[in-house]
Structures are given as C-alpha cells and as structure tokens.
There are 2 protein chains.
Amino acid sequence: MNIYLAGPEVFAANADELGNRKKELCQRYGYQGIFPLDTQIDNAATKQLTGLAISKANEELIRKCDLVIANLTPFRGASADVGTVYELGLARGLGKPIHGYTNDPDLYHSRLIALFGADDLQPEGQLRDRDGLKIEEFDLRDNLMIDGGIHACSGHFIAAQKKAAIYETAAFEEVLIRLSR
Amino acid sequence: MNIYLAGPEVFAANADELGNRKKELCQRYGYQGIFPLDTQIDNAATKQLTGLAISKANEELIRKCDLVIANLTPFRGASADVGTVYELGLARGLGKPIHGYTNDPDLYHSRLIALFGADDLQPEGQLRDRDGLKIEEFDLRDNLMIDGGIHACSGHFIAAQKKAAIYETAAFEEVLIRLSR
C-alpha cells in the first residue's frame, strides 16, 4: 500500500529530511510513503513551466497512490495549506481514501475568531468576523469541506492533544496506527 | 451545461444575492449556475453533523455538475479559500473541467512576501519567508497545485486587470465569455 504524504513539509528548509522521517514511519507500519518531492523536476524554460511541471508530477503521484494522509496543521493562516487541500480533494474525486491530521487541537472557529475577530454581542450560530464574513461554527477542525470529505470516506482525522509544531509526527503516526489495526 | 459556482460568496452576509447575480450571468451565456447554498440543509442534532451534511450536499452538487468555475480571489490570507480549493481538486479528480478567476492581479509570491516577509539578501529562486518557509517563485497566481490543475485540463484562469473586491464579477464573466466562444 502506497501512501501519498501530502503536507506543507515541502516548504521547509529540511524538506527531504522531513519526508524521509515520514517514510520511515510508514515503513514501520507496513506502508510505503510517497513524498511530493520524490519526482525530480528539472528547471523548465520559464518559472511558470517549472511550477506547472511540479503540479503535473504531484498529480501523477496521487493518481498512483492507494491513499492519502495529509498534514492539515494550519499553515500561514487559520486553515491547512491550500496545495495540500487541493490534493486532498483530488484524491477524494479519484475515489481514494483520504486521511488527515493536525498538530493544532483548537477548533476552526476559535482560530478564525483569534485571527479575524468577532463581535462578542453576536448570537451563537451567527458569528461574523470583523469584515462581516461568516465564521463557520460547526465544531469542526477546518473548513467543513475538509472535515466532510474525510468523514465521507470514513477516513481518520487525528488532532494532536497538545499544540505541536507543524512538522511534528505524533498525530501522523496515530493515523498510521489506526490504519494498521 | 451546469456550472458549479465555487467560491467564498457563501460567507458573505448577502450570499444568496451574490449567488443569484452569478446565476444570472451564467444564464446570459447559456449556462445554468449551481450555487453551494442551493441545497437547503436543516440543522442536524449537533453542529458537527450539520457541517458534515452541508459538505455532503456540496459534494453531490459537484458530482452532478458539468464544470466548475471557482472564485480564487485571496480570502483571509495569501491564497484562495480552502473550501473552494478542496472543491476544485474534487472536481479535477472527478474528471470535470475546472476554471477559475481572481480579482487580485498580483502574483502569489508578491502576496507571500507582503504578508510573511522575505529577506532582501536572499538570491532569486531561494526566497524564504520570515519563518524560513519556502516562497513559491513560479510567477503563478496561487499555490502551484491550483494553477497546475486548471492548466492540466486546459481550463481558464482569469485575473482581474485591476484589483477588485472579492465578490466583483467582471473576471467571472470573462471566464463565461471564453467558455461560450
């Protein structure tokens, strides 16, 4: 079983090291991990073409994998990394089981309130941020499409019990443990 | 032809009005627009179950549509709304044509630098933000998975020529014009 390791690890200075660590954990539970950077992409004629070639290679890795485990820890904002979320949706559309984890135990609405503010006088169920935009109040971990997609295929979505750095792997390992049961 | 109208319009106070405006534009070009809020969801026993039911209904609308046009204007950060991005990936996995537009003409890397900082002394091609995280330098409009997915199915990704509010529809209409040619 091949697991595509979606997540913002690719943006870290030690991306390869982080990928290898997750692959070793996969192996320990009888899986083979596939990291987005596994395909070497040479620079193309333009930056745009290089970026598009990386996207194409990642889509191909996802089409070949058996399932996805996504690092959905909030990244540069209240939500998971958008590239990771695109990949999660893609895998769901392809009919692959999708799983996720987050190193932030807080629920989505508390992160939205912390980052974008909400008027204390608003009644529950009708919270809006300071720009008047709806705050999702569904006691979920992120935007409902993310939680919902994982739930719809009976996937695991594990949250760390204590807030941990974005590249910590305890919650990731917990997904592997549940998968291997 | 049914077009699923993905986008953060659902978070606006006048969401239904915004949806109707986009549907009218669709009709003008011979399409039928499907808005995420078209399915009425009753409150379930818990907030979580309500959120998951909305996700399920949206996934069903996407499975039934012929194509997707996503409002990919940056939302609460440097990137498009994650729910919208999940839907874009889902549609791509389902083999539907995906298209997008953004009301922000700036490229992704300039938004990342503006929001998360980058050291001026770093060489081009190796930019990192103030947390040491890679800044994508591919002259694309958002994370490369988004631009890449649209490009891979020969979709349109239109950017407004001048920065416009998130719910403006000129760039959206431009996608419709190109589709109807």
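Predicted model: local features only at pLDDT ≥ 70, side-chain atom pairs only at ≥ 80, totals over all residues.
1. Residues are numbered from 1 along each chain as its sequence is written, while chains are lettered from A and ligands numbered from 1 in the order in which they are written.

2. Within chain A, the axes of helix H2 (residues 47–64) and helix H3 (residues 82–93) come within 10 Å and cross at roughly 40 degrees. Helices (H or I, at least four residues) and strands (E, at least two) are DSSP runs numbered from the N terminus. Axes are lines fitted to C-alpha atoms, for helices over the stretch in contact, with angles from 0 to 180 degrees between N-to-C directions. H2(A) and H3(A) are therefore oblique to each other; angles under 35 degrees count as roughly parallel, over 145 as roughly antiparallel, 65 to 115 as roughly perpendicular, and the rest as oblique.

3. The contact of these two helices is made by A:Asn58, A:Glu59 and A:Ile62 of H2(A) and by A:Glu87, A:Leu90 and A:Ala91 of H3(A). Two residues are in contact if their C-beta atoms, placed from the backbone, lie within 7 Å. The contact residues of H2(A) with H3(A) comprise 3 nonpolar, 1 polar and 2 charged. Here Ala, Val, Leu, Ile, Met, Phe, Trp, Tyr, Cys and Pro count as nonpolar, Asp, Glu, Lys and Arg as charged, and the others, Gly among them, as polar.

4. Between the chains, 48 residues of chain B are in contact with 48 residues of chain A. On the side of chain B that touches chain A, H2, H3 and helix H5 (144–152) of chain B each supply at least two residues. The largest share of that side, 11 residues, comes from H3(B). The residues of that side divide into 22 nonpolar, 15 polar and 11 charged.

5. One helix pair joins the two chains: H5(A) and H3(B) pack at about 40 degrees, with their axes 8 Å apart. In this pair, A:Leu144, A:Met145, A:Ile146 and A:Gly149 of H5(A) meet B:Val82, B:Gly83, B:Tyr86 and B:Glu87 of H3(B). The residues of this contact are 5 nonpolar, 2 polar and 1 charged.

6. In H2(B), the buried residues include B:Thr50, B:Leu52, B:Ile54 and B:Leu61. A residue is buried if 20 or more other C-beta atoms lie within 10 Å of its own, exposed if 12 or fewer, and partly exposed in between, with C-beta atoms placed from the backbone. The cover over the buried residues of H2(B) includes helix H5 (144–152) of chain A, as well as strand S1 (2–6) and helix H3 (82–93) of chain B.

7. A:Asp104 lies in the loop between strand S4 (98–102) and helix H4 (108–116) of chain A. A:Asp104 is buried, with 22 other C-beta atoms within 10 Å. Not counting residues up to four places away in sequence, A:Asp104 touches A:Thr73, A:Pro74 and A:Lys163. A:Asp104 and A:Lys163 are 59 residues apart in sequence, yet 4.8 Å apart in space, C-alpha to C-alpha.

8. A:Arg76 is not a glycine but has a positive phi of about 50 degrees. A:Arg76 is partly exposed, with 19 other C-beta atoms within 10 Å. For A:Asp139, phi is near 55 degrees, a positive value in a residue other than glycine. A:Asp139 is found in the loop between H4 and H5 of chain A.
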